[in-house]
2 protein chains.
Amino acid sequence: MAEMNRAWVLVQRPVGDDFDSALKLQTLPMPELGEDQVLVRTLYLSLDPANRGWMAGPTYMPAVPVGVPMWGGVLGKVVKSNSPKFQPGDIIGGFGSWSDYCALPAGGVNKIPDMGGLPLAAAQGLFGGAGGTAYVGVIDIGQVKPGQIFVVSGAAGSVGSLAGQIAKIQGAKVVGIAGSAEKCAWLTNELGFDHAIDYQHENVRKRLAELCPDGVDVYFENVGGAVGNAVVANLAKGARVALCGLVSQYNADDGPAAGLDMLPILLKSCTVQGFILLDYLHRLGEASAKLGQWLAEGKVKYHADVTDGLENALEAFKTLFQSGASHKGKMMVRVDPSAN
Amino acid sequence: MAEMNRAWVLVQRPVGDDFDSALKLQTLPMPELGEDQVLVRTLYLSLDPANRGWMAGPTYMPAVPVGVPMWGGVLGKVVKSNSPKFQPGDIIGGFGSWSDYCALPAGGVNKIPDMGGLPLAAAQGLFGGAGGTAYVGVIDIGQVKPGQIFVVSGAAGSVGSLAGQIAKIQGAKVVGIAGSAEKCAWLTNELGFDHAIDYQHENVRKRLAELCPDGVDVYFENVGGAVGNAVVANLAKGARVALCGLVSQYNADDGPAAGLDMLPILLKSCTVQGFILLDYLHRLGEASAKLGQWLAEGKVKYHADVTDGLENALEAFKTLFQSGASHKGKMMVRVDPSAN
């Protein structure tokens with residue numbers, strides 16, 4: 001096999017938001033294929049805020065070792081198989097790496113079913129991590145009820161944009177918080193959010209008080225920091241906070257990040273619950289079924305933000321942490337130019 | 001009635017910890033007794049960290065108006081009654097004020113049953129707010145299980161000292177955090193805590209990591225701030241935080257207080273739940289029955305920290321917010337020198 005295997009190697013742990021020093025694009029030998037493994041040509045690489053945590057140290061899983069290709073969710077095509085479960089040509093999803101090719105254990109990848117005309121890129125978010133996370137966060141953790149006020153931060157992101165739509169389908173009034181007027185217009189005009197707040201140009205705390213004078217019943221937290229505290233200051237009695245992400249804090253290496261103000265949580269008898277999709281894998285079947293149904297009914301819209309070329313993965317990744325960057329929906333890199 | 005009615009009047013809202021400017025001892029006319037009211041001679045006044053919040057502004061109830069005697073929990077003796085439900089001489093508990101006498105609605109006070117030889121002072125904490133708060137926080141909110149690691153901050157306080165003992169009775173391993181070596185010795189030697197950490201002289205985060213290498217399962221939070229974050233850094237997967245108080249933050253008027261670090265809550269899938277006893281009044285019956293039984297069996301020890309004289313209430317109150325102050329257990333003022 002004469003193809004190059006380019007890979008973004010984690011050469012040191014990131015300091016603050018200096019990802020340029022942490023990740024280097026290198027040309028590596030093609031992976032050796034072990035027993036019960038499949039050699040996968042990466043079609044799409046998923047870029048997610050959580051990747052930063054995996055680089056930095058142990059989280060809910062061990063840290064990515066320094067010196068190996070960075071880990072990431074991938075969609076790929078099997079080019080060689082040492083497992084009876086997979087044939088060359090199978091399209092799979094799994095936990096791979098930021099590389100042209102990777103060798104993955106057959107037990108750790110899943111065949112992607114026929115998407116019925118939907119671009120393959122949609123599979124990664126809607127029927128993968130982002131869709132499952134949004135579904136569990138709204139239904140299991142947030143437990144939103146019809147008529148309630150539902151607020152989501154990071155609302156234009158892959159998880160946030162789905163969370164708001166799912167809450168809307170449950171009958172909630174939905175307010176999204178995002179980092180630009182363009183994103184806000186997308187949320188209200190395209191996705192059906194009731195309101196959107198541009199945290200770069202509006203006072204989130206005051207605007208929420210105007211929009212939700214009786215308080216916020218469910219807050220889907222993706223960002224933390226000042227935005228998180230602005231929402232917490234507006235919580236209703238007995239509100240629930242589904243703690244899904246803290247993207248504003250992942251790069252804060254200089255001492256402790258600003259925490260969440262607990263006084264409103266105490267005085268309003270609220271609950272904050274952190275969750276990780278890994279603990280809810282048994283819910284993915286229901287999530288995928290519902291999301292597929294809503295997609296077919298036109299109740300859920302889906303946006304994939306695709307960057308072409310593995311060599312551009314680093315620049316795309318960095319925008320995940322830039323306030324006001326223009327990306328919307330699920331961020332992905334098309335590694336194989338021929339992927340649909 | 002020739003007696004003086006002295007009262008601590010809230011003359012302005014407190015700024016920071018300047019309670020001297022906020023509360024003034026004044027001599028007022030005896031209260032006029034309205035329909036269905038009882039005139040109560042205060043025997044004991046309860047001093048609690050939450051009082052500070054009531055002075056400062058609206059909380060879970062309206063703020064104490066400026067210009068009236070400061071509100072507080074009292075035990076008192078009925079001296080005159082405009083209600084058929086009460087006779088002069090009845091001993092009652094209720095929501096009164098920092099004063100020698102107060103006129104209270106008959107519907108808002110409760111007769112204190114015979115204490116079976118226990119000093120009356122015990123009624124206020126064990127069978128009142130402190131006992132109920134500790135019971136609900138450990139059983140309903142913390143949901144501690146046998147063999148779990150239970151940590152409580154403000155452990156030498158009225159609520160904390162009972163919470164630790166209740167958790168111990170549930171079969172947990174109990175670690176208390178308090179502000180002096182003397183308090184820590186009291187927790188382990190007298191109350192049966194497994195360990196105690198003196199946050200003034202020990203590194204709470206490191207000490208907890210040594211004592212609980214597998215992490216803290218339930219954290220009963222009374223203080224917030226640096227101590228709260230030190231415990232949160234040691235939480236086990238799926239841990240529960242019963243958010244009862246934030247005494248380190250009540251006097252922080254200079255900008256937002258340090259919040260609780262949410263990253264461990266997210267990565268360990270923990271739950272933080274604020275609670276207010278007012279929402280759990282239906283649980284007070286069970287709490288009192290259990291606490292009474294445990295007291296009789298010698299499984300719960302109770303300490304009342306009694307200051308003599310209404311004129312000394314302000315100085316005693318201030319020590320509630322002083323790190324390393326010597327008080328332990330429920331703080332009360334004996335307003336009537338003849339009270340037992």
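Predicted model: local features only at pLDDT ≥ 70, side-chain atom pairs only at ≥ 80, totals over all residues.
Good morning, colleagues. Let me begin with the overall form of chain A. Its secondary structure comprises ten helices and 15 strands. Along the principal axes, the C-alpha trace extends over about 65 × 45 × 35 Å. How does the radius of gyration of chain A agree with that of a compact globule? For 340 residues, such a globule would have a radius near 20 Å, and chain A has 20 Å, so the two agree. Of these 340 residues, 50% count as buried. I would also draw your attention to the contacts in chain A between residues at least 6 apart in sequence: 68% of them join residues at least 24 apart.

I turn now to the domains. The domain assignment divides chain A into domain 1, given as 5–112 + 303–334, and domain 2, given as 129–280 + 288–294. Each is therefore written as two stretches of sequence, according to an assignment that is automatic or taken from a database. The centres of the two domains, taken over C-alpha atoms, are separated by 27 Å. Where they meet, 17 residues of domain 1 of chain A are in contact with 18 residues of domain 2 of chain A. On the domain 1 side, the elements that give two or more residues are helix H1 (50–56) and strand E15 (330–334) of chain A. That side consists of five nonpolar, eight polar and four charged residues.

Next, the contact between the chains. Chain A contributes 28 residues to it, and chain B contributes 28 residues. On the side of chain A, helix H8 (263–267) and strand E13 (271–274) are the elements that give two or more residues. By class, this side holds 16 nonpolar, nine polar and three charged residues. How do E13(A) and strand E13 of chain B run where bridges join them, parallel or antiparallel? They run antiparallel, and three bridges join them. Within this pairing, A:Gln273 has B:Thr271 as its bridge partner.

Setting aside neighbours within four places in sequence, A:Val151 is in contact with A:Val175, A:Ile177, A:Leu208, A:Val216, A:Tyr219 and A:Val231.

Is A:Trp98 buried or exposed? A:Trp98 counts as buried, because it has 28 C-beta neighbours inside 10 Å, and the threshold is 20 or more. Apart from residues up to four places away in sequence, A:Trp98 touches A:Ala7, A:Trp8, A:Leu45, A:Pro69, A:Met70, A:Gly72 and A:Ala313. From A:Trp98 to A:Tyr219, which is one of the contacts of A:Val151, the separation is 121 residues in sequence and 33 Å in space, C-alpha to C-alpha.

I close with chain B and its strand E11 (residues 216–221). Six of the six residues of this strand are buried, so E11(B) is largely enclosed by the rest of the structure. Three bridges join E11(B) to strand E8 (residues 149–153) of chain B, and these strands run parallel. Five bridges join E11(B) to strand E12 (residues 235–243) of chain B, again in parallel. B:Val218 features in both pairings: B:Phe150 stands opposite B:Val218, and B:Val218 stands opposite B:Arg240 in E12(B). Thank you for your attention.

Conventions: Residues numbered from 1 in each chain as written. Chains lettered and ligands numbered in written order. Contact = placed C-beta atoms within 7 Å. Helix = DSSP H or I, 4+ residues; strand = E, 2+ residues; numbered from the N terminus. Nonpolar A, V, L, I, M, F, W, Y, C, P; charged D, E, K, R; others polar. Rg over C-alpha atoms; globule rule 2.2 N^0.38 Å. Buried ≥ 20, exposed ≤ 12 C-beta atoms within 10 Å, placed from the backbone. Pairing = 2+ DSSP bridges.
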